[in-house]
Each structure stands twice: as structure tokens, then as C-alpha cells.
Amino acid sequence: RKVFREMAEQLEAASSTPSIQEATTSTTEAASVTSSTQEATGELYVSEAGQEADDGAGCAASLDPDLLCSICLDFLFEPLTLKCRHSFCRLCLLQASRLAPDGGACPQCRAEISFDPKTHALDQGLAAKIEEAVPPDELEARRAHTTATLEKMAAANSGPYPLFVMRGSERGFAPGATVSLHFFEPRYRLLARRAWEGDRRFLWAQSEPTAPGEAGLQPQAALLVVLESARFRAGGEADVRGRGEALVRLGRSYVEAGSGGLWLATVDESARPSSALPRASPPPGSADPSMLEGTAQRLRDAIARGAPAYNRGQARRCADIYLRAAREELRVSGARLVRDSLQEAVASAESLLREAEEADGGHARERKEKAAAWALRHAFDHVFAPL
């Protein structure tokens, strides 16, 4: 606005010809359109003082720089101070962390954000200084803007739930059960961030959603999980803990574009199951979880290499990575759970990949390759379940 205002004043002083007047009008209209667009989208807060044209300086221009937010460039409102000592408006920090699905970090120095911006206590010292320095009408304007923006964010979070897909044990897949998960795939790191900064709920299904509209298919079961805690590591991985809230049936399901394969799904309230769902019995035998740690880590490493290939459309490469890892674990591991979980999956994947090589069309080949990759991935999840 300052630039626009100075341009208008210079043009008006230089000449009053129609062409100059037209340029001045266009410049002023452009400033008005810019301001209207920002206000409509909520992308940028503009203080009331910044709209005054008498002296060209709003409240923020006269404040101590330590009382300014480096994101919105206005005075700090509901200030939060990170461990790195950088301070931001609560709303600004919340919006910035939502744009960082691989883990919340300080917008200035990238230090880890160790708390939830939505609920963390204000920096009372900064808040008191702001109240002394900023006129009440400007504080009220910021309060109204913040409230309206948070309401919009809450409304956006009322849509489909992010969906986690992993085969789990019967005991863990039930209302009231404790759910502890470590997310390391990019799509599930995004899930954790979305759920934690939204309404703290996500869906857990034991297999990918069935194709919509297929005849004879019943609505798929899922567990609605409520998050109680989340820890986001510097590399983006997330450790979450929560509990099963209810068994539900999936409604509309789809993969979100640009998410690396993250499923989103609605809940079909009309088909909510009334009791525990029938499930296949777990493989016979068990093992001490400590004996499975090495196997689990090697399988996770295989997933970390294979999942990105799958998400790029290279299902065969993903299946080959998983297959090599599964064969190696069958060779070196003596745990019965590993053997029972992987043997059948390896045989199934090998058969599917042979069929893929003999398939006539590219679509049929790709479908077989994806089925092979998922057969092995679900077997890996079964190995992870006791841990």
C-alpha cells in the first residue's frame, strides 16, 4: 500500500492530464483489489491502521521489532515463543505448521516445534507488552480476524478422514484399544500432521478400500482412532498414540492428488457395525517382540525404498524390493511368526509377478504387479503387529 500510495501521490503531483489520472485510478483500484483478495482468502492479515492514508504508518511501523511477527509482519497477537526463542502469532504458527506435513519446524531457523500451537500457553510477557502498545480497536480487529480464520480451518477439517492402511491384530483393532504407531512413509507422516492439527482423528483399515460400485461388496470396516499424543521427529517421522473410538464402515474413499498415495474416506453412518467384525485368525505361534526387532527394521527399510517407487507408478520395482527383503528374512530368521507371515505372501507374489510377465495388456500387468506388492506389504504389517 505504501508503494501504491507513493506512486499515486507522485503521479498526481506531476500532472493532472487524463492519462495520468487514469493511471492513478488504476493503481488505486489495483491496491483495492489486492486488499479485497487477501481479505477474502484469509491468506494475509492487514491491520486497520495499515489502511489509513493520513501519514502512511500503521501501528506496526512504530512498534519495537521484538513485538512483530516475522510471518504476517504485524504485531504479535496471542504470541507463542519456541524453544529457539523465536516468537510468532498463534494463528501464523498454526498455519505455517500445517504447510509442513513432514514435521513442524520454526519458520525462521527450522528448529523443531515441540508443542501444539493450537493449545499451547501464550507468552504472557509479550502479550502484556502488546496490550500496552497497541490500541484496543486494533486488538479487537485482530481478535475477530483470528476467530474467523480458525472457524474456517475447523470447517475444512470436518471433511473426509485420512486413512491408514495396515493389517493389525484382532485385539488392537477394537474400540477402547490402545493404538501406538510409528509413521515413516511420507503419506502417513502427512496423515499424522493432518490428524494432529485437525480434530485428532483418523481411520485405520486393514486393507485398501474396495473399488466403489463393485457388485456384491459390503462397506469396508475401519477403526476410528482418536489421537492422544504425537511426537514429530526432526526427519519428519511421527510417533503417535491414541485409542480406538468406534468401529465404522467406510463411505466414499479416494486417494488425494499430490499426497504420495494417502487415502481419504468418509464414514457411512448408516452402516455402522453393531459388533466386532469377523477376522481371519492370526498365524499360529508367536515370538518374543525383541526377537523380531531386527526383522522389523529390515522390512521397514525395504518399505522406505519400495513405497516411493510404488507412488511413482513403478509397482514392479516396489514388488521386487519387497520380495528380496522377504526372501532374505525367510533365509535368516528363525521366528515362526516371520515364517508363517511371509511364506505364503512370497509364493503369492512370485505367482502374481509371473502372471504379470505373461499379461497381454499394460493395465493387466500393472494390476498384477500392484497386487504382488500389496501381498508382501500386508505380510510385513503382520510381522510388525506384535511390536
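The notes below cover a pair of helices and a group of paired strands. Please keep in mind that this is a predicted model. Strand β7, residues 238–255, pairs with β4 in the antiparallel sense, and β7 also pairs with β6 in that sense and runs antiparallel to β8.

**The strands around β7**

- Strand β6 covers residues 221–232, and eleven bridges link β6 to β7 in an antiparallel pairing.
- To locate this pairing, look for alanine 221, which stands opposite arginine 249 of β7.
- Together β6 and β7 make a hairpin, with five residues between the two strands. Glycine 236 sits in the turn and has a positive phi of about 105 degrees.
- Strand β4, residues 178–183, is joined to β7 by six bridges. Here valine 179 has glycine 242 of β7 as its bridge partner.
- Strand β8, residues 263–267, is connected to β7 by four bridges. In this pairing, tyrosine 254 faces leucine 264 of β8 as its opposite residue.

**The helix pair α8 and α10**

- Helix α8 spans residues 315–332 and helix α10 spans residues 362–384. These helices pack at an angle of about 35 degrees, and their axes lie 8 Å apart.
- The crossing of α8 and α10 is left-handed.
- On the α8 side, the contact residues include Ala315, Cys318, Tyr322 and Leu323. On the α10 side, Glu369, Ala373, Leu376 and Phe380 are among them.
- By class, the residues of this contact are ten nonpolar and four charged, with no polar ones.

Terms used
Residues are numbered from 1 along each chain as its sequence is written. This is a predicted model: local features need pLDDT of at least 70, side-chain atom pairs count only at pLDDT 80 or more; totals for chains, interfaces and linings use all residues. Side-chain values use heavy atoms; hydrogens and water are left out. Axes are lines fitted to C-alpha atoms, for helices over the stretch in contact, and angles run from 0 to 180 degrees between N-to-C directions. A crossing is left-handed if the near helix is turned anticlockwise from the far one by less than a right angle, and right-handed if clockwise. Contact means heavy atoms within 4.5 Å. Ala, Val, Leu, Ile, Met, Phe, Trp, Tyr, Cys and Pro count as nonpolar, Asp, Glu, Lys and Arg as charged, and the others, Gly among them, as polar. Two strands pair if DSSP finds at least two bridges between them.
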